[in-house]
Amino acid sequence: MFPVVEKFISINGEGSRAGELAVFIRFRKCNLNCSYCDTKWANSENAEVEFMTAEQLAEYVRGTHVKNVTLTGGEPLLQKNIYNLIEMLMYQGNSVEIETNGSVSIRELSEKEYRPIFTIDYKLPDSNMEKYMLTENYEYINKNDVLKFVAGSKYDLDKAVQIIEKFSLTDRCHVYISPVFGKINPSDIVKFMAEKKLNNVKLQLQLHKFIWNPEKRGV
């Protein structure tokens with residue numbers, strides 16, 4: 001049984017499929033506590049949930065007639081038997097993306113027959129969670145995956161460049177830099193990208209926070 005705090009249809013606000021329709025399934029519980037987290041309400045063990053089986057979730061998704069599925073949280077890789085759900089969804093023709101915080105290994109899932117798309121965060125210094133980053137994950141990513149840096153300061157941006165270069169990330173996957181909403185001006189990130197000649201790195205804005213109220217759930 002999976003603890004689902006919400007499920008809904010919206011557009012992907014981030015990642016390689018930004019702007020595309022997707023079914024979102026958000027699970028309870030996270031092992032990190034980022035300073036800028038906008039889903040803290042879903043991370044608590046006490047968050048209200050609907051317990052659903054993989055079969056029930058697959059049936060729900062099938063009924064939406066939406067192809068893309070985003071598994072998010074919380075931290076979806078903390079869910080036991082998450083592969084059973086991924087397998088069911090992909091077997092019925094869905095494309096599955098997992099949004100993960102970068103602290104949990106993707107190795108096992110990356111080697112499965114039904115391999116999801118991974119959108120992986122690298123938590124920069126301003127998050128206060130950088131020490132938990134599992135950079136060995138970068139051995140298992142491919143061109144379909146995303147490495148995402150959420151920056152809140154110039155110091156964060158400098159660290160992002162260090163990680164991008166150290167692990168040759170633009171040769172391995174899609175790379176995005178986005179601002180902590182309300183903390184850094186996107187134009188400053190563009191200027192920084194130009195100064196550093198960050199080829200094959202994309203600026204990313206959280207579309208859902210511009211379309212709807214930034215605090216709105218279910219979008």
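Predicted model: local features only at pLDDT ≥ 70, side-chain atom pairs only at ≥ 80, totals over all residues.
I started with serine 153, which counts as buried at 19% relative accessibility (buried is under 20% relative accessible area, exposed over 50%, partly exposed in between, with a 1.4 Å probe and protein chains only). Residues are numbered from 1 along each chain as its sequence is written, and side-chain values use heavy atoms, with hydrogens and water left out.

Back to serine 153. I found it in the loop between strand E7 (146-151) and helix H5 (154-166); helices (H or I, at least four residues) and strands (E, at least two) are DSSP runs, numbered from the N terminus. Leaving aside residues up to four places away in sequence, serine 153 touches Asp126 and Ile184, a contact being heavy atoms within 4.5 Å.

Histidine 65 sits in the loop between helix H2 (54-64) and E4, and is exposed at 73% relative accessibility.

Lysine 197 is another non-glycine with a positive phi, here about 55°. I placed lysine 197 in the loop between helix H7 (186-196) and strand E9 (201-203). Its relative accessible area is 60%, so lysine 197 is exposed.

Last entry: which residues does the cis peptide bond join? I get glycine 73 and glycine 74, with omega about 15°. Glycine 74 is in the loop between strand E4 (68-72) and helix H3 (82-91).
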